[in-house]
Each structure stands twice: as structure tokens, then as C-alpha cells.
Amino acid sequence: MGIKIEKFVGGALDTNGYIVYKNDGGSCYFIDSGYRTDEYETFIKEHNLTPKGILFTHHHYDHTSDSPQLAKKLDLPIYIHEEDYEMLKKTFKENISLVKTFKTDSEFDLDGEKITFIQLKGHTKGGVAICFEESGVRFTGDTIFDTEIGITDLEDGGYDEMSESCLAVSQWDNSIHIYPGHGDDATMDFVKLYNEELKEALVYYDENH
């Protein structure tokens with residue numbers, strides 16, 4: 001049986017956060033739980049879920065802001081890629097003690113399903129896709145959306161790195177289902193067909209490498 005996904009949208013930027021689980025009464029992970037802490041708590045109580053931690057796709061405030069509150073209430077660790085840790089420290093301040101780092105080759109487990117990571121630089125240095133391969137699902141943060149790619153003009157972003165990430169993403173199987181940090185989910189066949197910014201990034205990569 002594949003994973004189940006509950007989406008929460010909050011904040012001025014309509015940021016997506018998620019609860020991922022397999023069955024009522026089982027375990028779950030929160031992904032990018034930046035807003036609507038009370039609703040996360042309500043959902044896990046209604047479905048009798050045991051949260052194992054909070055996973056971040058990247059460090060930006062709209063994806064992370066309320067997570068310390070949730071982590072303290074539920075006594076949970078927060079996880080972020082090691083290359084985004086220092087940037088997260090700037091906004092989390094004393095709450096950084098709640099945070100643990102993972103590497104690109106780290107693995108987690110959700111009731112028997114392996115969770116892995118693909119590093120996707122360009123929006124941030126330590127941006128990742130969080131992958132549930134058995135279910136064919138990847139949470140892509142602000143790297144790849146259904147019809148756009150993430151902005152690259154922030155402090156630790158860069159278009160050249162983003163173009164390399166887009167090349168990697170373009171090779172994903174068409175059946176992969178992405179759940180981004182904003183907007184709607186989509187299959188990769190849809191993304192490859194309708195994401196013009198992805199196509200432009202691939203042209204840029206070909207012309208500059």
C-alpha cells in the first residue's frame with residue numbers, strides 16, 4: 001500500500017505543508033510544516049498517528065516558521081539537509097537546538113517504506129526532493145512546480161545550479177508524482193509537457209556546459 005498525503009496551505013505565499021502516512025494508527029512525518037500547527041495536531045489525533053519528525057525540503061521561512069512550536073508540543077526532531085543548516089540557524093536562533101541534519105545519502109523509514117533524498121541546488125544550497133520511491137512520490141519544495149521552477153536570486157541560490165537540478169529532474173520517470181512547496185501536485189509527464197521554465201533551464205544548461 002502506498003502513502004497517504006494530507007496537504008495544508010498557509011501564510012501569505014500559500015505555502016504547502018504535508019502530513020505523510022500509510023495507515024490510520026501508524027506513523028507519520030510532517031513535511032515543511034511552516035503554518036497551521038493546530039490543524040496538524042488535530043489531524044494526527046483524528047487519525048491516531050504517531051509523528052516521527054519534521055522534514056524540511058529547504059530552509060526558507062515560509063516552509064519552516066512554526067515548526068519549532070509543533071516540535072516542542074509533540075517532542076519531535078526537525079531534520080534539514082546539512083548544507084541548509086547554517087541558513088536555518090539565522091532564522092531559528094535558539095530553536096536550532098531542535099534541528100538535526102541529514103546528508104544526501106541519508107535514509108529514513110515510514111512503516112516499512114524507505115525515504116531518501118535528492119539534492120536539488122539552485123533555490124537554496126541544501127534544497128532536496130524528499131522521495132518515497134515505493135509510492136512513486138517526491139516532495140520537491142521550491143525547486144520544481146507543475147508549470148514553473150523556483151526563483152534563484154536569493155542569498156544562496158543560483159540559476160546555473162538550478163539548471164543542473166532541472167537536468168536531473170527532467171530525467172525522472174514520467175510516472176513520478178511531485179508535491180511542490182506551492183501550488184498543485186502533478187505527474188512528471190505533465191511537468192515535462194507544460195513546464196516552460198523547466199524547458200528554458202534545460203536550454204540554458206545545454207548552452208553553458
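The expected span of a helix is 1.5 Å times one less than its number of residues, and this rule gives a first way to look at a helix in the structure above, which is a predicted model.

Helix α7 covers residues 196-208, and its 13 residues reach 18 Å from the first C-alpha to the last, close to the 18 Å expected at 1.5 Å a residue. At the start of α7, the backbone nitrogen of Glu 197 has a side-chain oxygen of Asn 195 within 3.3 Å.

A different kind of feature is empty space inside the protein. Rolling a probe the size of a water molecule over the atoms shows where such space is left. When the whole structure is searched in this way, 1 cavity of 30 Å³ or more is found, and the volume of the largest cavity is about 40 Å³. Its lining is made up of 13 residues, and those lying nearest the centre are Phe 8, Thr 15, Gly 17, Tyr 35 and Tyr 40. Two or more residues of this lining come from each of the strands β1 (4-10) and β2 (15-21). The table sorts the lining of the largest cavity by residue class.

| Class in the lining | Number of residues |
|---|---|
| Nonpolar | 4 residues |
| Polar | 6 residues |

Finally, Thr 124 can be found in the loop between β8 (113-119) and β9 (128-132). If its neighbours within four places in sequence are left aside, Thr 124 is in contact with His 58, His 59, His 60, Asp 84 and Asp 156.

Note on methods: Residues numbered from 1 in each chain as written. Predicted model: local features only at pLDDT ≥ 70, side-chain atom pairs only at ≥ 80, totals over all residues. Heavy atoms only, no water. 1 Å grid on protein atoms, 1.4 Å probe; cavity = no way out; pocket = protein on both sides within 12 Å on 5 of 7 lines; lining within 4 Å. Points joined across faces, edges and corners; volume = space filled by probe spheres on them. Helix = DSSP H or I, 4+ residues; strand = E, 2+ residues; numbered from the N terminus. Nonpolar A, V, L, I, M, F, W, Y, C, P; charged D, E, K, R; others polar. Polar contact = N/O pair within 3.5 Å; in protein donor to acceptor, adjacent residues only side chain to side chain. Contact = heavy atoms within 4.5 Å.
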